[in-house]
Amino acid sequence: MLYGAKSFYMGKLAICFLASNILRFLVNEFLFEIFVKDVNWVYQFSQIEARGLPLTPEALAVLPPFTSITFNAEDSNGENCKPEVAKTGLGSSAAMTTAVVSALLHYLGVVNLSFSNDQQNEKKDSADLDVVHMIAQTAHCIAQGKVGSGFDVSSAVYGSQRYVRFSPEVISSAQVAVRGAPLEDVVVDILKGNWDHERTKFSLPPLMSLLLGEPGTGGSSTPSMVGAVKKWQKSDPERSQETWRKLSESNSALETQLSILSKLAEEHWDAYKCVIETCSRLKSEKWMEQATEPSKEAIVKSLLGARDAMLWIRYHMHQMGEAAGVPIEPESQTQLLNATMNMEGVLLAGVPGAGGFDAIFAVTLGDSGSNLTKTWSSLNVLALLVREDPRGVCLESSDPRTKEITSAISSTHIE
C-alpha cells in the first residue's frame, strides 16, 4: 500500500516535471511559427485561389503538407515577417495546442492514448484525457495571455459535448507564469485545482453532418467583440440580461430538439431514416408533407423545431450585436446564412464563436452536404475538411481529413 502511494506521488512529480517542460516548449515563439505553417485544413484559401483550383474540399485535401502561408514584412527591408492568416473563429489555435500537448505527453509516456478505431478503451482514456485537458488549457491560456471560456480546448480533448465553463480562478496561476513564476509550481497548482467545469456527452443525431465554410474575407477579433458586449452589459444591464436569457432559452430549445431526434432515431429507425433521406432532397417548407404517420410527424416536427430554435438564436445574437455596436452577424453573413438555410436538406446554419466575419457552419441531412459545398463554392466559400467528432483527441494511423474525400481528388492536379 505504501509502495502504491509512493508510486502515485512519483507519478505526479513526473507529470509536473514533464508538463512544465512541455509548457516551456510550447510557448517558445520559434516553435509556434513552425507549427502554424501546417494548417492546410483551414488557412489555405489563398493558396487554392493562387493555383486556380476550385473552392472544394477535394482541392484542399491535395495541397502538399506544410504548404507555405503568406507572410507580411513589418520593415521595408523584409525583416520581422509575421504569418498572415485569416481568423476563422473555429478554435484552430486550441486544436493545435491540444494536438501538440497530447502528442508530447503520449510520446513521453505521461499518458497512453488510444487509436481512433479503438472504441473499447474510451473509458480507460478518461484519466489521461483529464491530464491532457488541464495542461492544454494552461498552455492555451499562457499563449493567449488571458483566461477564456476553455470550450475550444475542452472540445478538442473530449469531443462534442454540452459545456459549462470552469471558474477562471482554477487557471489563474497560469497568468503568473507569464511574469516569470516557475512553471513546475504552476503545473502543480493546475493539477491540484478544483476543475469545476461541466461537460455532458453530445453528438449530432444520426444521418446528419456538420459542415464548416471559410468565406475568405478574414475574421473578427474575438477579444474586442467580447469586450464590446461586456461594455454593453454594464451600461444596460436590464436589457442585456433579458437578451441573454432569451438566447439561453433558444440554445436549450435547440439542444432539446436534437436530443429528441436522437431518441426518435433509436425508437423508430426505419421511419427516421426514411424522413431524413426524403427531406435531404427537399427544402424545409416541403418537409411536413412527409409526415404520413405519427412517428414521421414527430420526426419532422423536431426537425422544424430545431430550425426555428436556430433562427431565434441568430435573431438574439443579431440584436445583441446591434445593441453592443459590433457585427455579430453582419449583413454579408446574414445573406450567406439565409441562402444556405434555403437549400434542400439544410437543417440549420450560423456563425461560430463570437460571430463577425468568421467562418460559417451548417448542419445537413443525409447526402445533401455535397450539394451545399458546390453552392458555397459558387458563392466564394470554401467548405473545410473538418467534421464533427464525438470522440475527441486520439491517435490516428492515417490522415483523418481524407476519409470522406471522394474520387474527385484524382481529377484535381497541382502544378
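Biologist: Why does glutamate 329 count as buried?

Modeller: Its relative accessibility is 8%, and buried means under 20% relative accessible area (exposed is over 50%, partly exposed is in between, with a 1.4 Å probe and protein chains only). Glutamate 329 is therefore buried. Before we go on, this is a predicted model, in which local features need pLDDT of at least 70 and side-chain atom pairs count only at pLDDT 80 or more, while totals for chains, interfaces and linings use all residues. Residues are numbered from 1 along each chain as its sequence is written, and side-chain values use heavy atoms, leaving out hydrogens and water.

Biologist: Where is glutamate 329 found, and which residues does it touch?

Modeller: Glutamate 329 sits in the loop between helix H13 (294-324) and helix H14 (331-341). Helices here are DSSP runs of H or I with at least four residues, strands are E runs of at least two, and both are numbered from the N terminus. Setting aside residues up to four places away in sequence, glutamate 329 touches Arg314, His318, Thr334 and Leu337. Contact means heavy atoms within 4.5 Å.

Biologist: What makes the pairing of glutamate 329 and arginine 314 a polar contact?

Modeller: Their side chains come to 2.9 Å. A polar contact is a pair of N or O atoms within 3.5 Å (within protein, one must be able to donate a hydrogen and the other to accept it, and residues adjacent in sequence count only if both atoms are side-chain atoms). The pair is 15 residues apart in sequence and 7.6 Å apart in space, C-alpha to C-alpha.

Biologist: How do you know that H13 and H14 are roughly antiparallel?

Modeller: Their axes cross at roughly 175° and come within 13 Å. Axes are lines fitted to C-alpha atoms, for helices over the stretch in contact, and angles run from 0 to 180 degrees between N-to-C directions. Over 145 degrees counts as roughly antiparallel (under 35 is roughly parallel, 65 to 115 roughly perpendicular, and the rest oblique), so H13 and H14 get the roughly antiparallel label. Arg307, Leu311 and Arg314 of H13 meet Thr334, Leu337, Asn338 and Met341 of H14.

Biologist: Why are H5 and H6 called oblique?

Modeller: Helix H5 (residues 92-107) and helix H6 (residues 126-144) pack at about 130°, with their axes 9 Å apart. That angle belongs to the rest in the angle definition, so H5 and H6 are oblique to each other. Among the residues making the contact are Ser102 of H5 and Val132 of H6. By class, this contact has 8 nonpolar, 6 polar and no charged residues. Ala, Val, Leu, Ile, Met, Phe, Trp, Tyr, Cys and Pro count as nonpolar, Asp, Glu, Lys and Arg as charged, and the others, Gly among them, as polar.

Biologist: What makes serine 102 buried?

Modeller: Serine 102, in helix H5, has a relative accessible area of 3% and is therefore buried. Its side chain reaches the backbone oxygen of threonine 98 at 2.7 Å. Leaving out neighbours within four places in sequence, serine 102 is in contact with Leu113, Val132 and Val393.

Biologist: Why does leucine 207 count as partly exposed?

Modeller: Leucine 207 has 34% relative accessibility, which lies between the buried and exposed limits, so it counts as partly exposed. Its place is the loop between strand E4 (198-201) and strand E5 (208-214). Leucine 207 also has a positive phi of about 65°, although it is not a glycine.
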